[in-house]
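Please look over the structure below with this briefing beside it. The notes are grouped by topic and can be read alongside the coordinates.

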Amino acid sequence: MESIYQTKDNKPFDDLFLHKGPKGIEAYEDVVKQVSTKLKEVFSNVDRPYIGKKPSEIQKEILGLSQLAKRGESLSDFLEAIDVPILKNSLHISHEKSVAHLHCPPLLSGIAAEMMISSLNQSMDSWEQSTAATYVEKEMISWLTNRFGLPAEADGVFSSGGSQSNYMGLLLARDSFCEKYWGCTVQKHGLPEGFKRMKILCSVEAHFTVQKSASQLGLGADAVVTIKTDDHHRLSVPHLYEKLRELREEGSLPFALVGTCGTTDFGSIDPLAELAEAAHSNGLWLHVDAAFGGALIVSHTHAYKLDGIQSADSITVDFHKLFYQPISCGAFLVNDSRSFTYTNHHADYLNPESDEAEGIVNLVNKSVVTTRRFDAFKLFVSLRVVGIDRFREMIDHTFSLAKKSAQLIDRLEAFNVLNVNPELNTVIFRFQPEAVPEEQLNTLNHSIQQQLLHKGIAVIAKTKVQKATYLKFTLLNPRTEIQNIQSIIKEIEFLGVKELEKRRMIQ
Ligand SMILES: *Cc1c(COP(=O)(O)O)cnc(C)c1O
């Protein structure tokens, strides 16, 4: 008689999962081999950062793919089918001339970690679903709180990135203020009656997710009061004090101050120590958005710029920017672990209160999401395999490249650089030959940026500075060299001159 405990040698779905049986192991090896062969081919043939197609062309090619096969098709046929539409039509972020956004080439150690993360598929909500991963994340959080100089009571949790971390910082700030000021538990009772008086302060150059978080937190984007910046695009402290006075006089309740460590455009760093002092003397929660600049913890040349961050109540740091991890990977840190009471909700099936008494660590208590990826592993693997020294060298290389690039462009007659001495690794400039009237410069630079993209020459960013269009390099790639920048600049000049000639002929 067949035992009910007996399992068949070959079950119907054996080739679809990674498991102990021979079919599972073989199928896994085959999948990895096929995908890596395909990617090798794609990456060996990358000669431009972008293929240059228009959005509509790509959309059409993707539409052509969308017929689903009822019984499935072989992976190799599928990889052939997506070769151009998806793989070759993608932005090649690891190309030296892909220098637009805070969007990094991923380290191979991060890619290796991703393979393990998805194969193990741990979920970071409860210890029972992430038995070892929970402790890896805790180790990485300790490493970070140490590096940022936070006290022993500090704590943190990994997040999907800067947006989520900023949201969490302001959530804790809001709830802690409502408790202190009104004795109101927002988690349970919602916002107190006087909530419309609550204000968040940040500089005009802070990230838009400050406003977005205020909206999502029920305070409304209007609760964000922006402060002017100084000549170096840093929050102006005299203006901060002035604004605080004004707000108090009108009966508003400023409760949070967001300092930025690395603004998206200029990479500028607010005077964090002075912000900490202002926050402290005015009873404000200080949240530091170091999504970009947090990487300075591993820099030799720039680490001193972080001074003051150790006094923040909460900190945002991203690893899918200057730490070269595959998307997504970020962390949210707090100065005092007790702040997490405001994110803590218990569910009997997942993280019962009794677990806490038994010392069982359920990381869901600290997060705004439930199922969560083991992203901390990417940082862990990379710190071990790449090593802190090479991280430091890579990051410092990009800072020095930015400086060299800014100086190089500054020496050219037909160009104007706004930050000849970049704070981090962005360079903001425009093509501005003499005798071209101001009103033409915006469309001219816009057109140059688009042509570079659609000719697949280089992927650079455009931004607005006081309503004028500028071009931007975000130099994250440690493999980008000054020669690459020189060649992009040559192309910009070439395209710019051609565009001006075309315009003259039309006139
Ligand atoms: C990138 C960035 C964010 C948003 O982070 P995501 O990881 O994209 O969600 C917030 N603030 C700053 C300063 C950033 O650079």
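Pro85 lies in helix H3 (residues 75–88), where helices are DSSP runs of H or I with at least four residues, strands are runs of E with at least two, and both are numbered from the N terminus. The model is predicted, so local features need pLDDT of at least 70 and side-chain atom pairs count only at pLDDT 80 or more, while totals for chains, interfaces and linings use all residues. Residues are numbered from 1 along each chain as its sequence is written, and side-chain values use heavy atoms, with hydrogens and water left out.

- Pro85 is buried, with a relative accessible area of 12%; buried means under 20% relative accessible area, exposed over 50%, and partly exposed in between, with a 1.4 Å probe and protein chains only.
- Although Pro85 and Gln59 are 26 residues apart in sequence, their C-alpha atoms are 8.7 Å apart in space.

**The ligand**

- The shell around the ligand has 13 residues, of which Ser163, Asp289, Asp318, His320 and Lys321 come nearest; a residue counts as near if one of its heavy atoms lies within 4 Å of the molecule.
- By residue type, this shell divides into 3 nonpolar, 7 polar and 3 charged residues, where Ala, Val, Leu, Ile, Met, Phe, Trp, Tyr, Cys and Pro count as nonpolar, Asp, Glu, Lys and Arg as charged, and the others, Gly among them, as polar.
- Helix H6 (residues 162–182) supplies the largest share of the shell, with 3 residues.
- Oxygen atoms of the ligand lie 2.6 Å from a polar side-chain atom of Ser163, 2.7 Å from a polar side-chain atom of Asp318 and 2.8 Å from a polar backbone atom of Gly162.
- Taken alone, the ligand exposes 380 Å², and the protein buries 84% of that area, as computed by the Shrake-Rupley method with a 1.4 Å probe.

**Aromatic pairs**

- Across the whole structure, a search finds 13 aromatic pairs; rings of Phe, Tyr and Trp (its six-membered ring) pair if their centres lie within 6.5 Å, and planes under 30 degrees apart count as stacked, over 60 as edge-to-face and the rest as tilted.
- Phe177 and Trp182 form an edge-to-face pair, with 5.9 Å from centre to centre and 90 degrees between the planes; Phe177 counts as buried at 13% relative accessibility, whereas Trp182 counts as partly exposed at 29%.
- The rings of Phe323 and Phe391 have centres 6.0 Å apart and planes at 50 degrees, so this pair is tilted.
- Because Phe323 lies in the loop between strand E6 (314–318) and strand E7 (330–334) and Phe391 in helix H13 (residues 388–410), their pair ties together parts that are 68 residues apart in sequence.
- Phe323 is buried, with a relative accessible area of 0%, and Phe391 is likewise buried, with a value of 0%.
- Ring pairs also link Phe158, Phe319, Phe323 and Phe391 into a cluster.

**Cysteines**

- The structure holds 0 disulfides, a disulfide being a pair of cysteine sulfur atoms within 2.5 Å.
- Cys202 is in no disulfide, and the nearest cysteine sulfur, that of Cys261, is 15 Å away; Cys202 is buried, with a relative accessible area of 1%.
- For Cys329, the closest cysteine sulfur is in Cys104, and the separation of 9.7 Å is too far for a bond; Cys329 counts as buried at 0% relative accessibility.

Conventions. A polar contact is a pair of N or O atoms within 3.5 Å; within protein, one must be able to donate a hydrogen and the other to accept it, and residues adjacent in sequence count only if both atoms are side-chain atoms.
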